[in-house]
Amino acid sequence: MKTISLALISIFCFATMSCKAQTTISLSDFSSGDLKNDNYIKDTNGVLDPFIGTWKWTNGNSEFTVVLEKKEMYNPTYLNSSERINDYYSDVIIGGYKYIENGQVIVNTLNYTTQDAWSSDYAPIFGSFHNNGSQYKIYLKVQDEIIGKLLTGHFEITQYLTLPNDDISPIEATWRVWNREGIYINEEAPPSEISIPEEIVLQKMP
Amino acid sequence: MKNISSFSVFGIILFLIVVTGFSSCEMDDFEGDLPIENNSNIKITTKSYEDLKFDSKFILPFTEIANKIKTSSYTGRGSYMEETYNFTIDSTIIKEIKTDKYVSYTMLIRRDRIPENYFENLVIEVTDTSDTKAYIYQYFPNSPIQKKSHGSFIFDFNFNVIPIQYDENGKASITVGCRLAVDYCNWPNGTDDDAHIAGEGCTKAYIYQEYYELACNDGGGSSPGNYNYSPTGYYSGYNSSDPTPGGGYWGNSTHTQPITCYGLNCPEKFYISNPCDELQEISNDTDYVSELNDLENATANETLVIASDSTDLEGNIVFTFENIPGGEDQVEATINASIHSTAHNHTDADDQLSVFSLSDLYALYVLAGSGFIDDSYAHILVTNQGSGTQYALKFDDMEAFETWGDTFFMGWDLDLGPDTKNPIKESRENIYELDVNPENSNSKNESGLLKFIEAQGLGLELYETNEDFSQWSKIILNNDETTSPDPCQ
């Protein structure tokens, strides 16, 4: 009994210490210097909420659908490891996309999963809010699954209604992705082409 | 006479020597092959073996040394002395110091087993009043040699003198000049702070001699000296003044210009880097500047220029370039030999960064781990963003950079297949983008990059250059996250 009590006390102390070590910082008020000490960059003000949902671009028989959701305390582990990639946790946007070109499905990742970040069916869209940027913009990392390349980009809500409580009801957003420049020493550079729409305007689906 | 094998002469003399092959002062008077340094009747000329092989004053004693002291053979690049004098004379560069009655020839000595903490010169001294003499000068740098522009150096050192004389029987014996004289140049301000070993172009008014005297009761002339050497077997030396060059009593100062070990065969620990001087070497090279201008003017594809360097007869750096055109956003290159620096461009002002991308930093990490660059390497970027940005990253602590990269880029290049996103790459890009992204102003990206460098402990320094690539400045991050240039002097 005495041993069990000691163990419980130890666990309690450890848990208490752990809680004290991790500081929660608002996603609306963080800087790169806060990305340490297992800090939690939390969306306390709901700045990610307007992005959540289904967005669609249509042009004749072509269609590009984006589904976004919020992922809390994102910090995946290294491959086949329990060690975390980052020294911090953050609320982020993740999601998938489906591209139909001239009536033909080019790629469909909408059945994405949200648990194992190393899985081939894990959400290919990652969106991060930067409080030094626009209030309605997230910065994207998108896996182009046709060519197998991580694209960079952004997603910005450009039309919205302001509600009586000062929240917004988004109507339209721009989607823009491009290749990140770089030099590749003693390795093959990825293909330059991009197989999904690079710059379009999406409508928010009800 | 004393046998050289029984001892060596050691003069413990600390003095600052600034060696410039082609510092700014040299530009004043240099004209072709003419000896252009002339003060107190001293003329200093850098020559090659080819220049001197028909000069009897040089070739006779040179050949005599080569042949009489257990010589096997010699070529235009060196003679080989075995056993006691087991070294090769590198006659690629020969410093000739000449007066009306005196001439000395200084050459670099190389050994099969590179000494760890010193380098050596052979000095042959010919006068009209005494026998030809030869000495081995061993220089022990007290601190790493600081590389300056155009292959020149600054360093403090102690030195040993091993005199060589050969008698008619071909038996090695020794004698020694009582003084070592080094010709200095204190251009441009005539102060001690400006002092460096006189280069070939030093204006006459700035030339003066420093004398380093070995304890010596020699009567001069052809007789060997009597030496007051210490119980340790080393001679001590002290600074003297106003002797005259040439053989003879109290006048037998040995004039020489130390030829520092240079090039790839030297122990690296002799050297320390000065980023400003290294970048200035780039600015001073018209071909390199032309390459940078081409990069700056490019509007379509990204291009990588790989610069390699070698040292010419005068110790100057000579650049050669490999120009690798890439795609719109990226360029790939195979590097499997030592390089001096690389330069590349960002051509799309809308989507590309005004500073280095994280992929550029990863490329630097790959290069650092390849063994094909050292800590003098320059990672140069020119862009057409706004009025154009022109940067160079230099290592402040190359080991720290590699250590950082080992963690930060761990898993960066995992090949997971086309439909699997790399969460590490995604995460690292996201962190970098908080400080550096294409929507930022140039100044914000500049400070963002410096913030990233400081916060992550990258061991890198950021430099910028002006429009014509002639002047570099280190960029400093201020407390208010603005930046300030600290111009290279």
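The model is predicted: local features need pLDDT of at least 70, side-chain atom pairs count only at pLDDT 80 or more, and totals for chains, interfaces and linings use all residues. Residues are numbered from 1 along each chain as its sequence is written, with chains lettered from A and ligands numbered from 1 in the order in which they are written.

**Exercise 1.** Describe the pairing of E11(A) with E21 of chain B.

*Solution.* Step one: locate the partner. Strand E21 of chain B covers residues 330-333.

**Exercise 2.** Work out what chain A brings to its contact with chain B.

*Solution.* Step one: count residues. Chain A gives 39 and chain B gives 45; two residues are in contact if their C-beta atoms, placed from the backbone, lie within 7 Å. Step two: find the strands. E7 (125-129), E8 (137-144), E9 (149-162) and E11 (182-185) of chain A each supply at least two residues of that side. The largest share, four residues, comes from E11(A). Step three: sort by type. The side of chain A that touches chain B has 19 nonpolar, 14 polar and six charged residues. Here Ala, Val, Leu, Ile, Met, Phe, Trp, Tyr, Cys and Pro count as nonpolar, Asp, Glu, Lys and Arg as charged, and the others, Gly among them, as polar.

**Exercise 3.** Explain why H5(B) counts as largely enclosed.

*Solution.* Step one: place the helix (a DSSP run of H or I, at least four residues). H5 of chain B spans residues 358-370. Step two: count buried residues (20 or more other C-beta atoms within 10 Å of the residue's own, all placed from the backbone). Ten of the 13 are buried, so the rest of the structure largely encloses H5(B). Among them are B:Leu361, B:Tyr365 and B:Ala368. Step three: name the cover. It includes E11 of chain A, plus E23 (378-383), E24 (390-395), H6 (398-408) and H7 (423-435) of chain B.

**Exercise 4.** Characterise the surroundings of B:Ala392.

*Solution.* Step one: B:Ala392 lies in strand E24 of chain B. Step two: B:Ala392 is buried, with 24 other C-beta atoms within 10 Å. Step three: leaving out residues up to four places away in sequence, B:Ala392 touches B:Leu279, B:Ala378, B:His379, B:Ile380 and B:Tyr463.

Notes: Pairing = 2+ DSSP bridges. Expected span 1.5 Å × (residues − 1). Buried ≥ 20, exposed ≤ 12 C-beta atoms within 10 Å, placed from the backbone.
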